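This report goes through a structure one region at a time, starting with a pair of helices and then moving to a sheet, a loop residue and two further helices. Please keep the sequence and the model open while reading.

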Amino acid sequence: MKPSYTIPRFYRIVAHFFLVAEQLLGPRLFRVTLNPIKKIIIRRMTRLWNNRPRLPEVEVDRVGNLSTRQFQHGYFSTSKPVIFDGAAKNWPCCKKWDLDYFSVAHGDSDLLIVQSEGLTTRERSSEHQFLSVRDLIGNIKQGGDRYLRFSPLLHDNPELANDLDLNWLGQMRGPGTFGNTYYMFMGGRGQKTYLHADQPCNLYVQIHGEKKWTMFYPGDSVGLYPEVTNSAYVKSPVDLDNPDLKKFPLFAGARAYTAHLKPGDVLYVPPHVWHQVENLTDTIAVGYRFSSLKAALRSSVAFSLIRILSTNPPVWKTRKYGAVDTNLIWAAAAGKITQVMREREDRRKRNDDLHP
């Protein structure tokens, strides 16, 4: 499954140049210097693409019994996503984890959920909420909209990590990588994480329920009308369920790659690959994320530079917050980090008083 680009290479390179320039200069300075030139280029591209039909979707490779060597040479080193078909089906997590299990075994664990515009919601929002695992699961079962993303639940409860095959995950990541985080995802049917791109490598373990991933290679970014927010990710305003080709005509030139994940599947998502994720049922999943400078640069030099240049929060603070809870990154971007950290500490003290 190699990238199949229809937008000419020149325009793809120029579009990435403008992305990096906007991140470097900031929105105000970019608006009065390079934005007029960008608009001219976009208008020329739009004339080429007006009234073209959308490209058909392509399914991500699904491979059974994929060896470490085959993965490293065929996918990791070429920045291609792949589904390890049923690779985790015999792991303890896939045999015992469901909503009821977490409600009983970890119901009192404290969670932080932060709404992030363009990632978790289309609305302008900086809301956050603390709730217990039991309350979250109750909301999911009642058809509510609470969706746990990027949670450090496994780090806070190390015994959960023993239900994963940590040796398999470690072998697949290969040499020259660093960082080691496990993020829990738990939510109800129909919940989504909207189209965005970020830097870590991701081995995503689908444990309970089913999900649909829709992905685009970084080279097709110009067709996704990326919005540089100076934060840890780049978002897209395109609605994949009902794309407005009059407003976003270049989207017709971006090819989507889809992955339908079932329990026991493991999806590899390379750095900077755009993705939107939809829950087809109530789901539980774990994202095993790690970093590779070589893989990030190979996937996209421009997006790697955007990440390095981000200041909301800066890279060093992103690493600091992410080591505790990735949701703190979104809180920092919304200017709520002080409030959230204070509330987090107050809740911890109250919990210690209740359970001395």
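## Helix 1 against helix 11

Within what distance do the axes of helix 1 and helix 11 come, and at roughly what angle do they cross? In this predicted model, the axes of helix 1 (residues 9-25) and helix 11 (residues 301-309) come within 9 Å, crossing at roughly 5°. Because angles under 35 degrees count as roughly parallel, helix 1 is described as roughly parallel to helix 11.

From helix 1, the residues that make the contact are His16, Leu19, Val20, Gln23 and Leu24, and they meet Ala302, Phe303, Leu305, Ile306 and Leu309 of helix 11. Sorted by class, the contact of helix 1 with helix 11 has 8 nonpolar and 2 polar residues, with no charged ones.

An open sheet of 7 strands, with mixed pairing, runs in the order 2-3-13-9-15-7-6. Strand 2 (62-63) and strand 6 (148-151) stand at its edges, and because each has a single partner strand, one side of each is left without a neighbour in the sheet. Helix 9 (residues 166-173) packs on the sheet, where it touches strand 3 (82-84), strand 7, strand 9, strand 13 and strand 15, and its direction makes about 125° with that of strand 7.

Strand 15 (residues 283-291) is mostly covered, with 8 of its 9 residues buried. It pairs in the antiparallel sense with strand 7 (residues 178-187) over 8 bridges, and Tyr183 stands opposite Gly287 of strand 15. Strand 15 also pairs in the antiparallel sense with strand 9 (residues 201-208), over 7 bridges, and there Val205 has Val286 of strand 15 as its bridge partner. Strand 9 is in turn joined by 4 bridges to strand 13 (residues 266-269), the two running antiparallel, and Tyr204 has Leu267 of strand 13 as its bridge partner.

## Asp198 in a loop

Is Asp198 buried or exposed? Asp198 lies in the loop between strand 8 (192-197) and strand 9, and its relative accessibility is 11%. Since buried means under 20% relative accessible area, Asp198 counts as buried. Leaving aside residues up to four places away in sequence, Asp198 touches Ala232, Tyr233, Pro271, His272, His275 and Arg289.

In helix 7 (residues 133-141), the residues Val133, Leu136, Ile137 and Ile140 are buried. They cover an arc of only 95° around the axis, which puts them on the same side of helix 7. An α-helix has 3.6 residues a turn, so residues three or four places apart point the same way. The elements that cover the buried residues of helix 7 include helix 6 (99-105), strand 4 (110-114), strand 5 (128-132), strand 6, helix 8 (153-156) and strand 7. Just after helix 7, Gly143 takes a positive phi of about 80°.

Which residues of helix 12 are buried? In helix 12 (residues 315-324), they are Thr318, Tyr321 and Gly322, and seen down the axis these residues fall within an arc of 100°, so they line one face of the helix. Trp316, Arg319, Lys320 and Ala323, on the other side of helix 12, are exposed.

Notes:
Residues numbered from 1 in each chain as written. Predicted model: local features only at pLDDT ≥ 70, side-chain atom pairs only at ≥ 80, totals over all residues. Heavy atoms only, no water. Axes fitted to C-alpha atoms, helices over the stretch in contact; angles between N-to-C directions. Parallel < 35°, antiparallel > 145°, perpendicular 65-115°, else oblique. Contact = heavy atoms within 4.5 Å. Nonpolar A, V, L, I, M, F, W, Y, C, P; charged D, E, K, R; others polar. Buried < 20%, exposed > 50% of the residue type's maximum accessible area, 1.4 Å probe, protein only. Arc of directions from axis to C-beta. Pairing = 2+ DSSP bridges.
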